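Hi everyone, thanks for having me. I'd like to walk you through one structure today, starting with its pockets and then moving on to its salt bridges.

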Amino acid sequence: MSSLASSLNTTENKLFIENYKILQTSKEADTGLSHNYHTVDLVTGKLTSVALNELLLALNIDRSGSMGSMTKDGHTALQHTIHTTKNIIDYLEELWEENQELNLSLIINLFDDRNTMIGHYKIGQKDKTLRKQFIEKLEKATPRGSTNISGALKEIKDNAIYAATPDDKKAHILMTDGRPNIGNTSAIGINVNNPGGTQICLGYSTDHDAVLLQKMTELSAGSYHFVDSIENAGMVYGEIIHALLYAAVKDISVRVRGAEVYDFTTNSWSNTVKFNSFASEHTQSLIMRSTWDSVEPINFNIVYTETGNNVPHSKTEVFNSYNCTNGESKENG
């Protein structure tokens with residue numbers, strides 16, 4: 001194993017290569033598998049404190065007519081988004097109570113074919129009536145109109161507070177069923193109005209346009225989540241906020257020699273795969289494949305950057321626990 005890091009002061013934000021396994025030591029005589037398969041885990045350490053002390057969240061909530069469709073749990077997609085948003089506010093308030101040095105705030109915009117900016121809310125305000133008024137405006141939203149996602153992104157892009165905030169301290173969360181019918185309707189066209197910062201798409205209802213949202217996050221190096229119930233909405237918001245505030249490492253690139261690694265974002269096999277960021281105590285499992293007669297050791301090189309101080313790292317691990325998986329020689333032996 002080798003590791004190279006900057007001479008700057010480092011933190012506990014580290015990424016490790018663990019749990020390498022090979023599926024079989026030899027090819028079975030009657031197998032139809034064209035390759036032997038391997039797995040390995042990329043694991044981050046536990047952070048004892050938040051990695052990001054300042055965060056501005058811009059929430060873009062789709063209130064178009066299609067968001068009034070009833071889901072299997074008896075709630076509309078719009079009700080799911082409102083529930084998610086209220087939980088995000090509650091969660092951020094709890095975090096601020098535990099650490100009042102955190103600078104957390106939200107911008108909320110409701111959109112259909114028009115935009116209705118609810119406003120900017122700073123977490124931890126002593127005047128609780130402001131929070132109550134903010135929630136009341138949110139709860140009054142009802143489904144209406146058509147869907148202009150590109151216009152909604154432009155509304156955040158042109159917002160003075162969001163534009164003035166550095167990219168590494170802000171995130172934009174789009175909550176929609178992903179079926180635009182006004183403005184730019186393709187992922188490429190919509191991404192023209194990318195407002196900057198971390199991009200997150202939440203797809204609501206089982207018939208939302210998952211292909212569009214996945215393509216949008218691919219173009220913006222963001223992340224996509226699916227919400228099909230109130231219970232799922234509760235889990236998703238916690239995962240998102242945790243990933244933002246406790247981001248341990250970022251700009252992760254993995255290069256493999258002696259095998260190919262599966263890239264789920266492109267549904268293809270390659271020698272490289274990349275990830276935007278991993279949060280504290282995250283485990284990312286990789287699947288590799290090699291030809292049955294391969295005699296090469298598996299060589300992993302990971303390059304990543306610590307969040308917060310931007311210290312770069314390069315680490316290499318070599319696994320030579322198997323020398324040859326040639327099925328013919330095994331069978332003859």
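So, what do I mean by a pocket? Grid points are joined across faces, edges and corners, and the volume is the space filled by probe spheres set on the points.

Quick background: this is a predicted model, so local features need pLDDT of at least 70 and side-chain atom pairs count only at pLDDT 80 or more, while totals for chains, interfaces and linings use all residues. Residues are numbered from 1 along each chain as its sequence is written, and side-chain values use heavy atoms, with hydrogens and water left out.

Okay, the largest pocket: its volume is about 1700 Å³. Its lining has 48 residues, and the closest to the centre are Ala221, Gly222, Ser223, Asn276 and Ser277. Which elements supply at least two lining residues each? Those include β8 (198–204), α6 (210–219) and β13 (272–279). Helices (H or I, at least four residues) and strands (E, at least two) are DSSP runs, numbered from the N terminus. The lining divides into 15 nonpolar, 21 polar and 12 charged residues. Here nonpolar is Ala, Val, Leu, Ile, Met, Phe, Trp, Tyr, Cys and Pro, charged is Asp, Glu, Lys and Arg, and polar is the others, Gly among them.

Now salt bridges, meaning a side-chain nitrogen of Lys or Arg within 4 Å of a carboxyl oxygen of Asp or Glu. How many are there by this rule? The count is 10. One of them pairs Lys14 with Glu306, with 3.2 Å between the closest N and O atoms. These two sit 292 residues apart, Lys14 in the loop between β1 (2–5) and β2 (15–22), and Glu306 in strand β15 (residues 298–306).

Buried or exposed, what are Lys14 and Glu306? Both are buried; that word means under 20% relative accessible area, with exposed over 50% and partly exposed in between (1.4 Å probe, protein chains only).

Next, Lys170 and Asp167 meet in a salt bridge at 3.6 Å, N to O. Lys170 counts as buried because its relative accessibility is 5%, whereas Asp167 is partly exposed at 49%.

Definitions and conventions: On a 1 Å grid over the protein atoms alone, a cavity is a set of points where a 1.4 Å probe fits but cannot get out, and a pocket is an open set with protein on both sides within 12 Å along at least five of seven lines; lining residues have an atom within 4 Å of a point.
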